[in-house]
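Please read the report below alongside the sequence and the structure.

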Amino acid sequence: MIQFTNVTKRYPGGHQALNNVSFELKSGEMAFLTGHSGAGKSTLLKLITCIERPTTGQVMVNGKNLGKLGRRHVPAVRRQIGMIFQDHKLINERTVFDNVALPLVIAGLHNHPEIARRVRAALDKVGLLGKEKQYPVTLSSGEQQRVGIARAVVNKPALLLADEPTGNLDPDLAAEVMGLFGQFNQVGVTVLIVSHNVDLITRFRSRILHLEKGGLV
Amino acid sequence: MRIKNYFLNHLYAFFYSLGQISRAPLSSVMTVVVIGITLAFPAGLYAVLKNAQQLSAGWDEVAQISVFLKKDVGGQALDDLAKRLHDRPDIAKITTVPAAKALEEFRKLSGFDDALRALEENPLPSVLIIQPAAGYADPTAVEHLQVSLRKLPEADFVQLDLQWVQRLHAVLEIAKRGVEILAVLLGLAVLLIVGNTIRLGVQSNRDEIAITKLIGATDGFVRRPFLYAGIWYGLLGGIIAWGLVSLALLLLDEPVRKVSALYDSTFTLGMLDVWTTLLLLTSGTLLGLLGSWLAVGKHLRAVEPD
């Protein structure tokens, strides 16, 4: 699903965020990405989502070489990835329903009953059914995070990326959210989670990728 | 399926853009009103000009040529000349004004009765007032007639009474060009107004745009609502312009009626006709679309997720 081959990323200005990184995440696999802040975790995720391009080396996602991808083809790649962010990245002017429905609308789905059905299913999965009409700011941080997860999975992507999804949550909520990822993985979704939460990570018997100073160790 | 989706995508953007506009009603209304006033200016001038052209168009047909004859032409010679000219196909009617009659009329009308009585001889020449035939009333034919009359040995001076109408037409032509230039300039102003409003819209929706792009929206998906917003601004501005011009014409109608009654005319101001209205609304809409297209192309690229 994800394959990095000798990937180096140097930002303009000289800062080298990733140094000769190679790894492969197979379809259906679940892995954690750990490392101190500044170790290159965010850069690695940005390379997978085409926000940044590798300086050298090759990034393959779902069989596509992202380094050679034209600007026009980036949206199609992003639609196949469900992304969860530490700061949720919800649209505050829109209701929970509209936020979760957005990936479906972007993908060109216009059948309203079908959209409603899928949005409800996604919200049900994260335990937020009944909050569709609320606005994100009226929800707690944990609830907002779960809205973000519902939005990431509503389109049934083959790959889930999560950037510090439990960063702002208390231990119980964090465990609950991590459990959700486990469930998605069990139904065949490839999952890559960036996390500091060593306690939680060790509960899963998943692979751990550890970044240090731009290199995998 | 693809085509259906295409239309549904546009339908979505259509309603979404309406929602965007209604979310910031005050600034949207201000933008629309400013566009309306800007469009109303050339549209109003155009309407006035068109009315003036319509009013003066009828004057062409009352073209008259006055032929002032040499002093020694009078009596029988005058009648002979009139008879001779009447055979020409391009002349419909000739009125002869012998010198004596002209003096009498002048005396009556001018009030210089005593002064004229003091003169030993009649200073006025005989005059032929010639009305061109119906088929020869256009400016070039009249001009042609005038030239050939000037060549008559009996003629002293030929005056085309239409000259001032022609001058008026020339002035109106200049005014028309002026209105066209003004319309282009104000059209540019509308582009800038719409462009600026869209730019502000992009800026205030920066986060939303970045998020939407991050979860896989194409440039077209992000651009569409802004293009529709531009269309809305332009169309609503055009409607307001129409309203303003119609209101102005309505307010002017009464005084114009009074003035034309004083001139024994039944002229009334024409309202904006269907074509002008369509032109106004279409150009408003297209300017709105173009303005937002220019702005959105430039500013959306700058908003990328980080």
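## Nonpolar cores

Leaving out residues up to four places away in sequence, I198(B) touches F226(B), A229(B), G230(B), Y233(B), S292(B), A295(B) and V296(B). The model examined here is a predicted one. I198(B) is also listed, with V100(A), V119(A), L160(A) and F181(A), among the residues that have the most contacts inside the largest nonpolar core. That core has 78 residues. Its largest share, ten residues, comes from helix α9 of chain B, which spans residues 219-262.

As a general point, nonpolar side chains in soluble globular proteins tend to be buried together.

## A hairpin in chain A

In chain A, strand β1 (residues 2-10) pairs with strand β4 (residues 56-61). The two strands are antiparallel, and five bridges join them. One bridge can be located by its residues: F4(A) has V59(A) of β4(A) as its partner.

β4(A) also pairs with strand β5 (residues 64-65) of chain A, again in the antiparallel sense, over two bridges. Here M60(A) has N65(A) of β5(A) as its bridge partner. The hairpin of β4(A) and β5(A) has two residues between its strands.

Which residue of this hairpin takes a positive phi? N62(A) does, with a value near 55°. N62(A) is a residue other than glycine, and its place is in the loop between β4 and β5 of chain A. N62(A) counts as partly exposed because its relative accessibility is 38%, which lies between the limits of 20% for buried and 50% for exposed.

## The six-stranded sheet

Chain A also has an open sheet of six strands, in the order β6-β7-β8-β3-β9-β10. The pairing in this sheet is mixed. Its edge strands are β6 (81-84) and β10 (215-216), each of which pairs on one side only.

The loop between β6 and α3 (96-106) of chain A contains H88(A). The phi of H88(A) is near 65°, a positive value in a residue other than glycine. Is H88(A) buried or exposed? H88(A) is buried, because its relative accessible area is 8%, and the limit for buried is under 20%.

## Two cavities

How many cavities of 30 Å³ or more does the structure hold? It holds two. The largest cavity has a volume of about 140 Å³. It is lined by R94(A), together with Y12(B), Y16(B), Q20(B), N205(B), E208(B), I209(B), T212(B), F221(B), V222(B), P225(B) and F226(B). The elements that give two or more residues to this lining are α1 (2-23), α8 (206-214) and α9 of chain B. With four residues, α9(B) gives the most. By type, the lining of the largest cavity has seven nonpolar, three polar and two charged residues.

The second largest cavity holds about 100 Å³ of space. Its lining consists of R78(A), R79(A), I81(A), G82(A), M83(A), P103(A), R151(A), A152(A), N155(A), P157(A) and I215(B). Two or more residues each come from α2 (74-79), β6 and α5 (141-153) of chain A. The edge strand β6(A) gives the most to this lining, with three residues. The lining of the second largest cavity divides into six nonpolar, two polar and three charged residues.

## A buried valine in chain B

V32(B) is found in helix α2 of chain B, which covers residues 25-57. V32(B) counts as buried because its relative accessibility is 7%, and buried means under 20%.

Which residues does V32(B) contact, leaving aside neighbours within four places in sequence? They are Y233(B), L236(B), G237(B) and I240(B). Y233(B) is also touched by I198(B). V32(B) and L244(B) are 212 residues apart in sequence, and their C-alpha atoms are 13 Å apart in space.

Terms used:
Residues are numbered from 1 along each chain as its sequence is written. Chains are lettered from A and ligands numbered from 1 in the order in which they are written. This is a predicted model: local features need pLDDT of at least 70, side-chain atom pairs count only at pLDDT 80 or more; totals for chains, interfaces and linings use all residues. Side-chain values use heavy atoms; hydrogens and water are left out. A nonpolar core is a set of buried Ala, Val, Leu, Ile, Met, Phe, Trp, Tyr and Cys residues joined through side-chain atoms within 4.5 Å. Buried means under 20% relative accessible area, exposed over 50%, partly exposed in between (1.4 Å probe, protein chains only). Contact means heavy atoms within 4.5 Å. Two strands pair if DSSP finds at least two bridges between them. On a 1 Å grid over the protein atoms alone, a cavity is a set of points where a 1.4 Å probe fits but cannot get out, and a pocket is an open set with protein on both sides within 12 Å along at least five of seven lines; lining residues have an atom within 4 Å of a point. Grid points are joined across faces, edges and corners, and a volume is the space filled by probe spheres set on the points. Ala, Val, Leu, Ile, Met, Phe, Trp, Tyr, Cys and Pro count as nonpolar, Asp, Glu, Lys and Arg as charged, and the others, Gly among them, as polar.
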